2 protein chains.
Amino acid sequence: MTVRHVDDVSLEPVGAGSGTERQVLIGPETAPHFALRRFVMQPGGGMPRHTNTVEHEQYVLRGRARVSIGDEVHEVGTGDVVYIPAGTPHSYEAMGDEPFEFLCAVPNEPDVIEIVDC
Amino acid sequence: MTVRHVDDVSLEPVGAGSGTERQVLIGPETAPHFALRRFVMQPGGGMPRHTNTVEHEQYVLRGRARVSIGDEVHEVGTGDVVYIPAGTPHSYEAMGDEPFEFLCAVPNEPDVIEIVDC
């Protein structure tokens, strides 16, 4: 795979989230070090506070969301760049009337997701 | 760094290109495995055919370009996902009237750039 359009990649529901789907744009079968995914969260959807064993490098493509990262809460929108270190509790809550869409790159390493009680 | 806007990150000229600037959105001082950058190429600008010692995972944010990757030539636009394996000759030529903007993630490994005569 060298070039493909984001609309040609299937969206899969994310079990831990609500109103949340994910596409794997470039996966470990293609690239040796890290994967590029896109998440789409419908208004009111999101993901509860959780940790991952891998870091996240993210870029917001569209929409707005309230994102908690450790002790911080941010309202993010198009063009915001978000870094979530491995092991840091974080959550997403899509805001407004349009989907919240962002790219999220992660290393090709085992990822364990744990929901955090809060 | 957890959240910042793309417009708050400085743009630096890319010496090997023409009309081409680069921002490091998330760099190796922040993230352990890979870096997230954004490139902006003005209409008519681009980069000549070259190789890198690291792979590229890219997402087109805006504009159009003619991109060569090995033996292939693609016209890409917003929402196209581009994977360029390490060592594969590639080039960019921004087309149309607006800047060509794309994200480009690379592993945190030494990168040697070689211009390819063609």
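I began with strand E4 (residues 34-51) of chain B and its pairing to E10(B): eight bridges join the two, and they run antiparallel. I took strands as DSSP runs of at least two residues, numbered from the N terminus. I called two strands paired if DSSP finds at least two bridges between them. The model is predicted, so I kept to its limits: local features need pLDDT of at least 70, side-chain atom pairs count only at pLDDT 80 or more, and totals for chains, interfaces and linings use all residues. Residues are numbered from 1 along each chain as its sequence is written, while chains are lettered from A and ligands numbered from 1 in the order in which they are written.

**E10 of chain B**

I looked up one facing pair and found Phe39(B) opposite Phe102(B) in E10(B). Strand E5 (residues 56-62) of chain B also pairs with E10(B), antiparallel, over five bridges. There I noted Arg62(B) opposite Glu101(B). I then checked burial in E10(B), residues 100-107: six of its eight residues are buried, and the strand is mostly covered. Buried here stands for 20 or more other C-beta atoms within 10 Å of the residue's own, with C-beta atoms placed from the backbone.

**Core**

I turned to the largest nonpolar core, which has 54 residues. Such a core is a set of buried Ala, Val, Leu, Ile, Met, Phe, Trp, Tyr and Cys residues joined through C-beta atoms within 7 Å. Ala105(A) and Ala105(B) touch the most other members. I listed the contacts of Ala105(A), leaving out residues up to four places away in sequence: Phe34(A), Ala35(A), Leu36(A), Glu57(A), Phe34(B), Leu36(B) and Ala105(B). Contact is C-beta atoms, placed from the backbone, within 7 Å.

**Interface**

I found 30 residues of chain A in contact with 30 residues of chain B. E8(A) gives the most to the chain A side, with four residues. That side divides into 18 nonpolar, six polar and six charged residues. I counted Ala, Val, Leu, Ile, Met, Phe, Trp, Tyr, Cys and Pro as nonpolar, Asp, Glu, Lys and Arg as charged, and the others, Gly among them, as polar. E8(A) also runs antiparallel to strand E1 (residues 3-5) of chain B, joined by three bridges. In E1(B), Val3(B) is the bridge partner of Val82(A).

**Symmetry**

The rotation is 180 degrees with 0.0 Å of shift along its axis, at RMSD 0.0 Å. That is the relation of a two-fold axis. The copies meet through the same surface, because 100% of the interface residues of chain A are also interface residues in chain B.

Notes
Two residues are in contact if their C-beta atoms, placed from the backbone, lie within 7 Å. A residue is buried if 20 or more other C-beta atoms lie within 10 Å of its own, exposed if 12 or fewer, and partly exposed in between; C-beta atoms are placed from the backbone. Copies are superposed by least squares on the C-alpha atoms of residues with pLDDT of at least 70 in both.
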